[in-house]
Number of protein chains: 2
Amino acid sequence: MTVIGVIGGGQLARMMIGPAIELGIELRVLAETEFSSARDRATAIGDYRDVDAVLDFAKGVDVITFDHEHIPPTVLAALDATGVPLHPRPAALAVAQDKIHMRRVLDDLGLPVPIWSMAETAAEVDDFIATQGGRAIAKTPRGGYDGKGVAAITSSNDIAEWLNSGPVLLEECVDFSRELAQLVARRPSGDTVTWPVIATIQADGVCTEAVLPAPKASQRLIDDAAHLGRTIAEGLGVTGVLAVELFETTDDRLLINELAMRPHNSGHVTMDGSVTSQFEQHLRAVADIPLGSTDSRNIWAAMVNVFGAMDTDRYRLIEASSAVKLHNYGKDARPGRKVGHVSATGDELDDVVHRARAAAAIFSQSK
Amino acid sequence: MTVIGVIGGGQLARMMIGPAIELGIELRVLAETEFSSARDRATAIGDYRDVDAVLDFAKGVDVITFDHEHIPPTVLAALDATGVPLHPRPAALAVAQDKIHMRRVLDDLGLPVPIWSMAETAAEVDDFIATQGGRAIAKTPRGGYDGKGVAAITSSNDIAEWLNSGPVLLEECVDFSRELAQLVARRPSGDTVTWPVIATIQADGVCTEAVLPAPKASQRLIDDAAHLGRTIAEGLGVTGVLAVELFETTDDRLLINELAMRPHNSGHVTMDGSVTSQFEQHLRAVADIPLGSTDSRNIWAAMVNVFGAMDTDRYRLIEASSAVKLHNYGKDARPGRKVGHVSATGDELDDVVHRARAAAAIFSQSK
């Protein structure tokens, strides 16, 4: 039996557990704490920045993958030197770890990205803002997630502190009509599959809703998004699941916002919406077994995140007839914390979205 | 968080693991061996006939349920005396544990069963055979499963050994056109739901295929089967999933063959076929949270068991486009052993059955 080791014990590792069982794959997780979301399969507790802990965990696993992108390059290099296969490969992961590197690589592939620049001084920041009509988006190159490390700015003063720590990525404020996510999976042997493009809703930089497929998407949009995803996966040699966050601009272009080389919040909608979920597919890709069908199970699927608390007591308030699927991340309650999600599927978009939102709201009301 | 303890570490316990994670329920399993199918959640290793092992396991769980029906009544009584809720209740479980008791109880409920009799002597057996045209079905009252403890007989000589051990259940040889299974779930609070009736195919007493819903089922058949299931669940106070194995006779009657008070092989088809699988539903029922929708996700779903070996190497032979779902029980290879199942779903019955059979055959060819 293949043994897959996952570095990081968050909800992404947690949601791999069920598919691993059904596939007959042994999953082992290196978790940060005893009370991690993926504690059921945490075979080791340790810091992913601790090279000894990571190397010790790698003994006896057939392949290593990741719950998050924050593993330091030095640790990745040491791990790679042991010869255990890493998916995604460190070189691909590096692209997702550094937003400036990512912009350069996407430029090299000739792919559409927002107008961007790297700035190291206040003067460079203010110059860029001036070229963009007085406002811009600033991003720290490393370590950001869920809206952290991203700021809308009108002056270098807004990010004075960031500039003390190193270069900053600057981008135009994209005039977008909505955000999309293109999920892709690629095996080491090269097979690549795409799901239909997903519409996402963010609040304060945090994904809160996803709809599969993106409503009112033209065939051109669907094809273009899939082509972008495939080009990136192949261009960077991604192995595992890749999520490409996209802007659909008001003038009907697609621009690449971010990349994640792992299952992604937007892709949670595939758990109930698709023949093969992003978590099962990630395991298949990482284990290099044939990828599953990415067809949708029903016409529409909607996913709504739950924040704060998802106590099982509240399940009693959800009518069975609402036919939603609950996904609990097993986390302690904390205001604003992403603790689970709810999905609905069906033939009518409005009905599907309404059912998922209504169920999620029952939990949100508890905090 | 609710903690559910499962006595027995077979594939039924294994297939509860994924749903437990998504529901945010902590599952703990008392497994027979270190290498049980449900080893991922085996928090204790012990013999289910050892009252001390079982009582020790019960400490710290909120509710106890079962992977199989073989727990001795003395152990059940001791467990019940501790006050930890048992689902199903020992009185209900007793009905599934003893086929003669089951026949009596079903008679009392006025439900349709094959002509039956209890025999303790060779003369009683031969008398019954004479009333049934020279042949009968004999069953040991306790401990049978997957065709074991069942024999087609024409003389008391065929079961001379069984008669030495105690009474035997005798039944008419039912002239049936096919076998069906009615799945039901009932909460302690009384809510009861039924899935559409399932068609099953047995070979040598072992379930090999299931189709949801049963093809060419009239509305009357569907309603009658659901009514039978509901009547039994309510009449016996079943809590959790109940499977009612049925004969559809050549003269269009339904006769109750067997009862199982747990998820059942026929119900594996609900994992991919239904909004709520039998495993998720069993956990919901046992935890007394609202039951999920039993609607089908697609028009047809088919399940085919895999026997012998389900090595992951064979996954490479299954085309992604076949869009089947694999369920591996994590068991060592052994000729004839039930080691997994494969499901397919879709709009066309023939296509769905063909895809599931073709994928299962890839594994069967390996042994």
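Author: What follows is a conversation about the structure shown above. Please keep in mind that this is a predicted model.

Reader: Understood. How many helices and strands does chain A have?

Author: Chain A contains 11 helices and 17 strands. Its radius of gyration is 20 Å, close to the 21 Å that the globule rule gives for 367 residues, so chain A is as compact as a globular protein of that length.

Reader: And what box do the C-alpha atoms of chain A fill?

Author: Along the principal axes, the box is roughly 55 × 50 × 40 Å.

Reader: Into which domains is chain A divided?

Author: The division gives domain 1 (3-86), domain 2 (115-171) and domain 3 (176-364). Between the C-alpha centres of domain 1 and domain 2 of chain A there are 33 Å.

Reader: Let us turn to sheets. What is the strand order in the open sheet of 4 strands in chain A?

Author: The order is β3-β2-β1-β4 in chain A, and the pairing is parallel. At the edges stand β3 (42-45) and β4 (63-66) of chain A; each has a single partner strand, so one side of each is left without a neighbour in the sheet. On average, neighbouring strands of this sheet are turned by 25° against each other, direction ignored.

Reader: How many bridges join β1 to β4 in chain A?

Author: Strand β1 (residues 3-7) of chain A is joined to β4(A) by 4 bridges, and the two run parallel. Within β4(A), I64(A) is the residue opposite G5(A).

Reader: Which strands does helix α1 of chain A lie across?

Author: Helix α1 (residues 11-23) of chain A lies across β1 and β2 (26-31) of chain A. Its direction is at about 165° to β2(A).

Reader: Now another pair of helices. At what angle do α4 and α5 of chain A pack?

Author: Helix α4 (residues 90-97) and helix α5 (residues 99-108) of chain A pack at about 110°, and their axes are 6 Å apart. Angles of 65 to 115 degrees count as roughly perpendicular, and α4(A) and α5(A) are therefore roughly perpendicular to each other.

Reader: Which residues meet there?

Author: From α4(A), the residues are A94(A), V95(A) and A96(A); they meet H101(A), M102(A) and V105(A) of α5(A). By class, this contact has 5 nonpolar residues, 1 polar residue and no charged residues.

Reader: Moving to chain B: what is the strand order in its open sheet of 4 strands?

Author: In chain B the order is β3-β2-β1-β4, with parallel pairing. The edge strands are β3 (42-45) and β4 (63-66) of chain B, each pairing on one side only.

Reader: And over how many bridges do β1 and β2 of chain B pair?

Author: Strand β1 (residues 3-7) and strand β2 (residues 26-31) of chain B pair in the parallel sense over 5 bridges. The residue opposite V6(B) is V29(B), in β2(B). Helix α2 (residues 51-58) of chain B packs on the sheet and touches β1, β2, β3 and β4 of chain B; the helix direction makes about 165° with that of β1(B).

Reader: Finally, the interface. How many residues of chain B are in contact with chain A?

Author: There are 33 residues of chain B in contact with 33 residues of chain A. On the chain B side, α1 (11-23) and β16 (325-328) each supply at least two residues. The largest share, 6 residues, comes from α1(B).

Reader: How do the residues on that side of chain B divide by class?

Author: The side of chain B that touches chain A has 14 nonpolar, 11 polar and 8 charged residues.

How values were computed
Residues are numbered from 1 along each chain as its sequence is written. Chains are lettered from A and ligands numbered from 1 in the order in which they are written. This is a predicted model: local features need pLDDT of at least 70, side-chain atom pairs count only at pLDDT 80 or more; totals for chains, interfaces and linings use all residues. Axes are lines fitted to C-alpha atoms, for helices over the stretch in contact, and angles run from 0 to 180 degrees between N-to-C directions. Angles under 35 degrees count as roughly parallel, over 145 as roughly antiparallel, 65 to 115 as roughly perpendicular and the rest as oblique. Two residues are in contact if their C-beta atoms, placed from the backbone, lie within 7 Å. Ala, Val, Leu, Ile, Met, Phe, Trp, Tyr, Cys and Pro count as nonpolar, Asp, Glu, Lys and Arg as charged, and the others, Gly among them, as polar. Two strands pair if DSSP finds at least two bridges between them. Domain bounds come from an automatic or database domain assignment. The radius of gyration is taken over C-alpha atoms; the globule rule is 2.2 Å times the number of residues to the power 0.38.
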